[in-house]
Amino acid sequence: MSIAQNLLKIKSTLPEHVTLVAVSKTKPVTDLMEAYEAGQRIFGENKIQEMAEKWEQMPKDIQWHMIGHVQTNKVKFMAQFVSLIHGVDSLKLVQEINKQAQKNDRIIDCLLQMHIAEEETKFGLDEEELTSLLSSNEFQKMKNIRIVGLMGMATFTDNKEQIKKEFTHLKSIFDSIRSTDAINRVSTVSMLSMGMSGDYQLAIECGSTMVRIGSSIFGGRK
Ligand SMILES: *Cc1c(COP(=O)(O)O)cnc(C)c1O
């Protein structure tokens with residue numbers, strides 16, 4: 001099947017409240033354009049340099065999502081155009097995003113990445129770090145960054161029960177910060193980014209509002 005066919009097939013199965021991020025990392029602009037022509041406007045990349053190059057070449061009504069781990073010193077290369085940063089997991093990074101957003105006279109929307117997998121290698125905050133970041137004075141004062149939700153990745157495993165447990169855990173953290181009045185800065189929290197090609201149906205069952213799908217649309221990566 002073609003990229004357009006893959007895309008339309010997946011889109012037809014997604015509930016209306018779930019946003020599709022087409023993960024186009026490593027893929028050439030011609031592939032992205034095929035998805036664009038089929039109506040896709042949200043693309044996810046995991047390297048800032050690659051995303052910036054594609055942004056320069058492609059139509060300007062595309063929303064670019066940074067889904068990979070972000071190095072603080074590279075935020076400036078995307079601050080002008082990035083639409084949502086998924087992998088934010090430290091106060092230091094939050095501060096840099098706020099600073100670069102201010103320089104560009106805009107507000108940058110971000111998701112805080114939670115560590116929900118069993119693996120040690122995955123990035124992300126635990127619940128204590130999340131609470132302390134959101135309630136910190138520094139964060140409360142920032143005017144150019146907006147935390148609009150959470151993101152997480154489940155353990156890389158075939159064990160559906162394990163994945164379900166981790167997604168359900170992330171959903172419960174999401175619900176709890178949404179209901180916390182004390183953290184008034186996060187009243188805009190509405191997005192829960194969880195689910196990839198292999199587990200997005202399960203993620204949606206567990207409450208995901210945003211899925212990040214790459215290989216099922218564009219084919220495998222080298
Ligand atoms: C690559 C990537 C995806 C997409 O993975 P697929 O299995 O190809 O759908 C989703 N989220 C993140 C953070 C990624 O790096």
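Okay, hi everyone. Some ground rules before we look around. The model is predicted, with residues numbered from 1 along each chain as its sequence is written, local features needing pLDDT of at least 70, and side-chain atom pairs counting only at pLDDT 80 or more, while totals for chains, interfaces and linings use all residues. Side-chain values use heavy atoms, with hydrogens and water left out.

Let's start inside. Which residues have the most contacts inside the largest nonpolar core? They are Ile-85, Leu-112 and Leu-150, and that core has 64 residues. Helix α7, residues 160-178, gives the largest share of this core, with six residues. There is also another core lying apart from it, made of seven residues, and Val-21, Leu-84, Val-148 and Met-210 are among them.

A nonpolar core is a set of buried Ala, Val, Leu, Ile, Met, Phe, Trp, Tyr and Cys residues joined through side-chain atoms within 4.5 Å. Buried means under 20% relative accessible area, exposed means over 50%, and partly exposed is in between, using a 1.4 Å probe and protein chains only. Helices (H or I, at least four residues) and strands (E, at least two) are DSSP runs, numbered from the N terminus.

Now zoom in on Leu-150. You'll find Leu-150 in strand β6, residues 145-152. Is Leu-150 buried or exposed? Leu-150 counts as buried because its relative accessible area is 0%. Contact here means heavy atoms within 4.5 Å. Skipping residues up to four places away in sequence, Leu-150 touches a list of residues including Leu-111, Leu-130, Phe-174, Ile-177 and Met-191. Take Ile-177: along the chain, Ile-177 and Leu-150 are 27 residues apart, and their C-alpha atoms are separated by 9.8 Å.

Next, helix α3, residues 48-57. Its buried residues are Ile-48, Glu-50, Met-51, Ala-52, Lys-54 and Trp-55. And what covers the buried residues of α3? The cover includes α2 (29-37), β2 (42-45) and β3 (63-66).

Follow the chain on from there and you reach Pro-59, in the loop between α3 and β3. With a relative accessible area of 25%, Pro-59 is partly exposed. Leaving out neighbours within four places in sequence, Pro-59 is in contact with Met-33 and Tyr-36. Pro-59 and Tyr-36 sit 23 residues apart in sequence, and from C-alpha to C-alpha they are 8.9 Å apart in space.

Over to the ligand. Around the ligand you'll see Val-23, Lys-25, Ile-67, Met-151, Met-153, Met-196, Ser-197, Arg-212, Ile-213, Gly-214, Ser-215 and Arg-221. The shell divides into six nonpolar, three polar and three charged residues.

How far is a polar side-chain atom of Lys-25 from an oxygen atom of the ligand? That distance is 2.7 Å. For Arg-212, a polar side-chain atom lies 2.8 Å from a nitrogen atom of the ligand. Arg-221 has an N or O atom in its side chain 2.8 Å from a ligand oxygen. On its own, the ligand has 390 Å² of accessible area, and the protein covers 89% of that. Those areas come from the Shrake-Rupley method with a 1.4 Å probe; for residues, only the protein chains shown count as cover.

Not counting residues up to four places away in sequence, Glu-96 touches Thr-72 and Val-75.

Last up, backbone angles. Most residues other than glycine have a negative phi. Thr-26, not a glycine, has a positive phi of about 70°. Thr-26 is in the loop between β1 (19-23) and α2, and at 53% relative accessibility it counts as exposed. Asp-105 isn't a glycine either, and has a positive phi of about 55°. The loop between α4 and β5 (108-114) holds Asp-105, which is exposed with a relative accessible area of 71%.

That's my tour, thanks!

How values were computed
A residue is near a molecule or strand if one of its heavy atoms lies within 4 Å of it. A polar contact is a pair of N or O atoms within 3.5 Å; within protein, one must be able to donate a hydrogen and the other to accept it, and residues adjacent in sequence count only if both atoms are side-chain atoms. Ala, Val, Leu, Ile, Met, Phe, Trp, Tyr, Cys and Pro count as nonpolar, Asp, Glu, Lys and Arg as charged, and the others, Gly among them, as polar.
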